[in-house]
Each structure stands twice: as C-alpha cells, then as structure tokens.
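The following account leads through a protein model, from its strands to its core and then to single residues. Please keep the sequence and the coordinates at hand while reading.

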Amino acid sequence: MATVIPTSTEVSTDGSAFLVVWTPLTNTNKDGTRVQVNRYPDKTVQVDGTFGASGKVTIQGSNDGTTWATLSDPQGSSLVISSAGIKAISENPLYIRPLAEGDGTTALNVRLLAGLSNDLRT
C-alpha cells in the first residue's frame, strides 16, 4: 500500500488560499499524506471520482500526526463522504488527511481548499 502524495497550488494572488489535491485514492492506496493547514481556518473539501461498492473517504485531523480523528462539517456530521460532493470543515487541527475505503473499482479525488478568513494585506 502506498500513501498518496498531494499536489499543492496557490490559488490566490496574496498567499491567502491554496488547493491541495490527492488523486487517486483507491482501496490499495487509501491514505493521503498529511498536510499542515492550521494557519488557514477556512477549509472546504470536495470529493469526486468512482465510488465502488462501499466506496467512501473519511476526512481526518490530528494535532500530533499520529492519533487521527474524523472531522465534522458545520452541522456536526462526520466527514465520511460516500458520494460526490463538497463540504466545509469545522475543526482546525494541525494536520488533515483523507482516508479512502472501497472495492477494486474505487478511485477518488480529494481536493482541499484552505484559506484565511480575510485576504492577506501587504
């Protein structure tokens, strides 16, 4: 099993937002490398791709990089995503990672947009 290494792209002109993409997450390459995004309190996750039988992705957070917990959306629901969609993340842990489950047809793309509440001013 390999850990999926994400790509990161600056999506603002002032350093206030960036996009992290893990692709593809599968039943054999199911965990994404953790990213440190605590500087950016506003976070949204989008998942798409092929959700095979029991296909889903869990968005996890950790403050020590070892002990992981499922994060939640603003309504208090666990971020266990089993169909294409986009959700806000309530918590602001030190690290975030995706963890996928499913059968041999599961191939999911996870995009995390992290940003500051206000644009940076220079």
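Why is β9 largely enclosed by the rest of the structure? Six of the seven residues of β9 are buried, so this strand is largely enclosed by the rest of the structure. Here, buried means under 20% relative accessible area, exposed means over 50%, and partly exposed lies in between, with a 1.4 Å probe and protein chains only. Strands are DSSP runs of E with at least two residues, numbered from the N terminus.

The model is predicted, so local features need pLDDT of at least 70 and side-chain atom pairs count only at pLDDT 80 or more, while totals for chains, interfaces and linings use all residues. Residues are numbered from 1 along each chain as its sequence is written, and side-chain values use heavy atoms, with hydrogens and water left out.

The strand β9 has pairing partners, where two strands are said to pair if DSSP finds at least two bridges between them. With β5, β9 pairs in the antiparallel sense over seven bridges, and Thr58 has Leu99 in β9 as its bridge partner. With β3, the pairing of β9 is also antiparallel and runs over two bridges; in it, Val35 stands opposite Ile96.

An open sheet is formed by five strands in the order β1-β2-β10-β4-β8, with antiparallel pairing. Its edge strands are β1 (7–10) and β8 (85–89), each of which pairs on one side only. On average, neighbouring strands of this sheet are turned by 20° against each other, direction ignored; axes are lines fitted to C-alpha atoms, for helices over the stretch in contact, and angles run from 0 to 180 degrees between N-to-C directions.

Within this sheet, β10 (residues 107–115) is joined to β4 by nine bridges, and the two strands run antiparallel. Thr44 has Leu113 as its bridge partner in β10, and Thr50 stands opposite Ala107 of β10.

The largest nonpolar core has 23 residues, of which Trp22, Val57, Ile59, Ile89, Val110 and Leu112 touch the most other members. A nonpolar core is a set of buried Ala, Val, Leu, Ile, Met, Phe, Trp, Tyr and Cys residues joined through side-chain atoms within 4.5 Å. At least two residues of this core come from each of β2, β4, β5, β9 (95–101) and β10. Contact, in what follows, means heavy atoms within 4.5 Å. Leaving aside neighbours within four places in sequence, Trp22 is in contact with residues including Val4, Pro6, Val35, Ile96, Leu108, Val110 and Leu112.

One aromatic pair is present. The ring centres of Phe18 and Tyr40 are 4.9 Å apart and the planes stand at 75°, so the pair is edge-to-face. By definition, rings of Phe, Tyr and Trp (its six-membered ring) pair if their centres lie within 6.5 Å; planes under 30 degrees apart count as stacked, over 60 as edge-to-face, and the rest as tilted. Because Phe18 lies in strand β2 (residues 17–26) and Tyr40 in the loop between β3 (35–36) and β4 (42–50), the pair ties together parts that are 22 residues apart in sequence. Phe18 and Tyr40 are both buried.

Lys56, found in strand β5 (residues 56–62), is partly exposed, with a relative accessible area of 27%. Its C-alpha atom is separated by 5.4 Å from that of Glu101, 45 residues apart along the chain. Ser54, in the loop between β4 and β5, has a positive phi of about 60° although it is not a glycine. Ser54 counts as exposed at 58% relative accessibility. Thr67, in the loop between β5 and β6 (69–70), also counts as exposed, at 53% relative accessibility. Not counting residues up to four places away in sequence, Thr67 touches Gly61 and Ser62.

Key. Helix = DSSP H or I, 4+ residues; strand = E, 2+ residues; numbered from the N terminus.
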